[in-house]
Amino acid sequence: MEEFRRAYARLCAAGGAAPQEAVLRRLRELGEAPGRGRLDLAAQSLSVETCGALGRLLPGAAPFAEVALGDCGLSEEGVKLLLHGLCSNTTVKSLDLKGNNLRTMGAEALGKLLRQNKSIRSLILEWNSLGVWEEGFSFFCQGLGANNVLQRLDLRNNQINHHGAGELAMALKRNASLQELDLRWNNIGLLGGRALLNCLHSNKTLKRLELAGNNVPSDILKAVEQALDHNQDRQTILSETQNRACMLSKEILSLKDEKTKQFLDLMDTIDKQREEIARSGRISAGRVSQLQEALKEQHSIMNSLKAKLQMTEAALALSEQKVHNLGELLSAMKQEQANMVERHFAELQQQKQEGADREGKLFRDLSACSEKNLLLRNQVDELEKKCKVQQDQLFLLKQDLTNATAELKLRAVQAEERLEMEKRRLKQSLEDMESLRLKEVDHMTQHMEASERSLQDRVQRLEAIRIALEEELSQVKAAALTERGHAEEELIKVRNQARLDEQQRLEHLEEKLRLMTESRDEAQNCCLKQKQMVSEAQAKASQLSLHTDGLRRRIEELQQDLNSKEQEKMTEVNKVKVELQEQIGHLQAERTAQEGLREKIAALERELKVLSRNHREALLDKEGEISVLLEKLRMKEAAISRMREEEAQRANLLQNAIMAYVQGSPLRTHSSRK
């Protein structure tokens with residue numbers, strides 16, 4: 001405020017005029033008062049320079065909320081400067097200009113002020129002469145019609161005639177903010193009273209209109225009072241409806257919060273179920289992979305045993321062929337010896353010597369064969385030990401398989417129990433939602449019945465008012481026969497207005513009833529959607545149970561395959577044992593076949609090469625099987641991912657349905673329509 005006072009003094013000095021002491025004193029007093037005060041310059045004669053300085057300081061945010069300039073004897077130029085500064089002001093709420101004898105230029109400045117200013121709520125223009133200048137007053141009325149902020153207007157003792165009252169009535173038809181209008185002690189008359197009464201049919205915000213001392217008939221004054229009472233009732237009803245709307249909006253927000261909490265809880269349970277399903281899937285996939293690896297190891301052991309069996313069979317065939325060849329060679333040698341005895345008897349001693357040498361060589365070869373036979377026996381013993389180790393491994397694998405099957409059964413039982421729990425939870429949530437819906441429907445029906453009762457009371461009151469008006473009309477007819485025509489016209493207007501009001505209220509009630517039926521249909525649709533979602537969840541649970549049954553059957557089939565393969569392995573091991581015993585007998589019979597054994601060793605080396613090649617081919621085949629199994633595993637993972645996506649889509653559909661239910665609840669639709 002001190003800055004405002006200094007600025008005022010500086011502007012006056014710049015304009016070549018001394019600042020007025022009264023104004024400085026008032027500004028100083030206003031600066032000492034706490035908060036935004038009241039600039040009271042009433043009964044102070046303000047010069048044009050002071051008005052110009054104040055007009056230049058008032059735009060924007062002034063340090064006071066009320067300005068009192070009553071009985072200041074303002075000139076036309078001074079009023080124009082002051083009001084021009086107030087046009088862009090944002091803090092002044094009340095303006096008092098009574099007793100300043102405002103004329104045409106002042107009325108035009110006031111019209112401009114009302115058109116541009118957005119902060120003034122109260123305007124006091126008592127004891128001026130605005131109604132004398134019809135052109136300026138019409139400009140003032142145009143500004144009043146364009147204003148949507150002013151709430152109180154005081155026009156007492158402004159010499160307003162019936163023409164000015166007509167202009168003022170036209171402005172009130174366009175104005176939607178003015179609540180109090182004081183027109184006492186003017187010259188409005190009968191025509192002006194009728195014009196103001198007619199404007200009240202379209203103006204629903206004016207609560208107070210003072211027309212005393214204007215030569216207005218009493219019937220018009222009573223009609224004006226009734227219209228004002230009607231506006232007051234309408235304002236009270238609007239305030240009540242606004243309060244009810246606020247309460248309903250708060251209730252809807254609380255319901256929304258509860259629905260969102262329930263939805264979040266439901267989403268948490270769905271996420272937990274997904275995590276448990278994914279965890280069980282990973283565990284089962286790990287178990288299946290372990291079983292597949294065990295099966296692969298058993299296949300490799302069986303293949304190695306088959307390869308060894310084939311090697312022993314080939315060795316036996318070669319030994320038999322060598323024995324046959326040795327027999328043929330022995331017979332040929334005997335025949336040759338007999339011929340040589342017959343032909344060369346003289347060389348018998350030499351042949352005997354050679355025979356002895358040969359016998360020594362044969363004995364040495366026999367010892368070497370015996371050593372090789374011992375080596376082969378050791379190899380057979382090692383093979384038997386390996387077979388025992390493999391049997392132990394098969395026993396351990398059986399135990400692991402039984403443990404895995406028991407664990408999978410436990411997992412399946414737990415999954416079924418969880419599914420049952422989720423079903424019970426879904427049923428409970430559906431029952432809660434149904435109870436909430438029934439409560440909302442009961443609340444809406446109660447509200448509708450209360451509104452219908454209030455409307456019936458309102459219709460009864462209007463009927464009583466109509467009866468009272470008819471009684472007053474009969475009294476007026478008996479009292480004043482000269483004004484019968486006028487009274488009949490007024491009665492017809494009142495009846496038409498009452499009928500129109502009744503028709504509007506009936507239409508409003510029908511519209512409310514239609515909205516309630518629509519909200520009920522929407523609630524039923526939401527219930528149907530929720531039932532469909534529950535059926536989908538049950539179908540999903542049945543699909544999951546079928547999937548677990550398929551996994552159980554698959555585990556049983558794998559166990560049966562493993563048992564059959566174990567039996568085949570035992571039979572093959574027994575066959576190998578029998579064949580090895582037969583081979584040992586053949587080897588004991590073939591101790592004398594040195595050359596055959598050498599050839600057998602060479603054949604065995606060749607067979608080893610063939611076996612290594614076969615082993616490589618078997619490894620390649622196993623790698624192909626591994627790739628096929630990996631492809632199957634990838635396909636299963638893709639199927640699991642698809643199932644997850646479908647579950648996510650269903651969860652999104654459930655979320656959208658719940659949000660649609662929350663947003664389309666009956667309370668929300670009713671409050672939005674009102």
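This is a short walk through one protein chain, from its overall form down to a few residues.

Okay, ground rules. What we have is a predicted model, where local features need pLDDT of at least 70 and side-chain atom pairs count only at pLDDT 80 or more, while totals for chains, interfaces and linings use all residues. Residues are numbered from 1 along each chain as its sequence is written, and side-chain values use heavy atoms, with hydrogens and water left out.

So, the big picture. The protein chain has 13 helices and seven strands; those are DSSP runs, numbered from the N terminus, with helices being H or I of at least four residues and strands E of at least two. How spread out is the chain? Its radius of gyration is 58 Å, well over the 26 Å that the globule rule gives for 674 residues, so the chain is more spread out than a compact globule. That radius is taken over C-alpha atoms, and the rule is 2.2 Å times the number of residues to the power 0.38. If you draw a box along the principal axes, the C-alpha atoms fill roughly 190 × 70 × 35 Å.

What about burial? Of the 674 residues, 32% count as buried. Buried means under 20% relative accessible area, exposed means over 50%, and partly exposed is in between, using a 1.4 Å probe and protein chains only.

Let's zoom in on helix H3, residues 48-57. Seven of its ten residues are buried, which makes H3 mostly covered. Among them are Cys51, Leu54 and Leu57. And what do the buried residues of H3 pack against? They pack against H1, helix H2 (21-32) and helix H4 (76-86).

Now, aromatics. The structure holds two aromatic pairs. For a pair, ring centres of Phe, Tyr or Trp (its six-membered ring) lie within 6.5 Å; planes under 30 degrees apart are stacked, over 60 edge-to-face, and the rest tilted. One of the pairs is Phe4 with Phe64, edge-to-face, at 5.5 Å centre to centre and 90 degrees between the planes. Phe4 sits in helix H1 (residues 2-14) and Phe64 in strand S2 (residues 64-68), so this pair ties together parts 60 residues apart in sequence. Both Phe4 and Phe64 are buried.

Last stop: Gln475, over in helix H10 (residues 348-479). Is Gln475 buried or exposed? Its relative accessibility is 56%, so Gln475 counts as exposed. From Gln475 to Gln588 is 113 residues in sequence, and 153 Å in space, C-alpha to C-alpha.

Methods:
Contact = heavy atoms within 4.5 Å.
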